[in-house]
There are 2 protein chains.
Amino acid sequence: MPKRKKAIVLLSGGLDSTTLIAMAKEEGYLLHALTFCYGQRHHQELEAAKRVAEFFRVQEHRIVDIDLRAFGGSALTGNVDVPKRNTIAPVGEIPVTYVPARNTIFLSYGLAWAEVLGSGDIFIGVNAIDYSGYPDCRPEFIAAYEKMANLATRAAVEEKIPVSIRIPLMYLSKGEIIRTGLSLGVDYSMTMTCYDPSPDGLACGQCDSCLLRKKGFAEAGLSDPLSYRQ
Amino acid sequence: MPKRKKAIVLLSGGLDSTTLIAMAKEEGYLLHALTFCYGQRHHQELEAAKRVAEFFRVQEHRIVDIDLRAFGGSALTGNVDVPKRNTIAPVGEIPVTYVPARNTIFLSYGLAWAEVLGSGDIFIGVNAIDYSGYPDCRPEFIAAYEKMANLATRAAVEEKIPVSIRIPLMYLSKGEIIRTGLSLGVDYSMTMTCYDPSPDGLACGQCDSCLLRKKGFAEAGLSDPLSYRQ
């Protein structure tokens, strides 16, 4: 029997990365989940990530503390308020929830862990369709990152283990992501998507992320198992 | 008078990065020094970085904790011994002091801070001549990183502030680096290069980094102000 390949999966505990890990499992990978604690305004996202990692019986779940607050510059890590407006950010506008160089930093930690594990496959749940306006979610960014990563590590350069940044959600709509996850047995009640949940874990229902999620369930013709404050 | 440009300078407190910050200052930049605390085996490197930042009167010196130990895989952060052999690592061999994806991670934090500051210029003291065998010190890696970075951030994509990874040491020999630094007023007694200094701050004189430094001073026909154990 051939040895099963290892995958690093960047796991936030939200709807997208939970679907992502289900897709990596379906491909037969041994799962290594990587979650970042980066001064999010709430820890419910971390709790969701732990639930999801357990659900998928990952080989290992590493939670890495990274101090993005040191630099400020985002509503997700600093003192800027998360906007509530009941409308998704207009196309082409980068929202205040943008975190400087976030995916670049996340992928770089993923790259380090992949090298130590002897793996080259890093899964990230970026998406170009229900696009949040983040430059580091675009396919051209991912392609450039992958090219760089293949020049960066001993594993890629000397041991010829190519780095592949896997983006299976890139061209799926939110509805398609949800339908894919459900077909793979995902229970979305364990996920947490909201940028600003209440202390008792209720999603706000009004931030960009909640709005996209609601739209996705509506598109898929399904009901969302999550409780919203409104 | 035109506004002075800001530079991020990755500063370890060693010989190379100290020369680097002197060169950035000479170009007229406002200096923002960025140092990483990443489970080095000693804190004398951090103390040296603080002395250097003070010497150059930087605008700001940020010391960021990053947990590379979480992944292991290097003599600099894990349980592997730093080799002592009185010979520099053979060309083409990547030494055990290699840290997985280190420069990729360092540059990514630099990129985040640059964006928050409205700067695009990130200085890193990599070198291809007295090459330590690290894949992430090569010019082709830096070029690919720069290309990726220009697709990664709001500042680069929307505000058209190009990211430039500045590598003025790349093609200088160790002797040339030292002569350049001295011509710019660097006092090398404040730097710390050794991978494995004693608790009282004496360099070992035998690790790759000490050997390269000694060779550099010898080439430059100068005496090293640093004390060695042997």
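**Figure 1. Crossing of helices α6 and α7 in chain A of the predicted model.** The crossing of α6(A) and α7(A) is right-handed (a crossing is right-handed if the near helix is turned clockwise from the far one by less than a right angle, and left-handed if anticlockwise). Helices are DSSP runs of H or I with at least four residues, strands are runs of E with at least two, and both are numbered from the N terminus. The axes of α6 (residues 174-183) and α7 (residues 208-219) of chain A come within 7 Å and cross at roughly 70°; axes are lines fitted to C-alpha atoms, for helices over the stretch in contact, with angles from 0 to 180 degrees between N-to-C directions. The two helices are therefore roughly perpendicular (65 to 115 degrees; under 35 counts as roughly parallel, over 145 as roughly antiparallel and the rest as oblique). From α6(A), the contact uses Lys174(A), Gly175(A), Ile177(A) and Ile178(A), and from α7(A), Leu212(A), Lys215(A), Gly216(A), Phe217(A) and Glu219(A). Contact requires C-beta atoms, placed from the backbone, within 7 Å. By class, these residues are four nonpolar, two polar and three charged (Ala, Val, Leu, Ile, Met, Phe, Trp, Tyr, Cys and Pro count as nonpolar, Asp, Glu, Lys and Arg as charged, and the others, Gly among them, as polar).

**Figure 2. The open sheet of chain A.** Five strands are ordered β3-β2-β1-β4-β5 in chain A, with parallel pairing; two strands pair if DSSP finds at least two bridges between them. At the edges stand β3 (60-65) and β5 (164-166) of chain A, each with a single partner strand, so one side of each has no neighbour in the sheet. On average, neighbouring strands are turned by 25° against each other, direction ignored. Strands β1 (residues 6-10) and β4 (residues 121-123) of chain A run parallel and are joined by three bridges. Ile8(A) has Ile122(A) of β4(A) as its bridge partner.

**Figure 3. The contact between chains A and B.** Chain A and chain B contribute 37 residues each. On the chain B side, β3 (60-65), α3 (102-117), α4 (139-152) and α5 (154-157) each supply at least two residues. The largest share, nine residues, comes from α3(B). This side has 23 nonpolar, five polar and nine charged residues. The copies meet through the same surface, because 100% of the interface residues of chain B are also interface residues in chain A.

**Notes.** Residues are numbered from 1 along each chain as its sequence is written, chains are lettered from A and ligands numbered from 1 in the order written. In this predicted model, local features need pLDDT of at least 70 and side-chain atom pairs count only at pLDDT 80 or more, while totals for chains, interfaces and linings use all residues.

Methods:
Contact = placed C-beta atoms within 7 Å.
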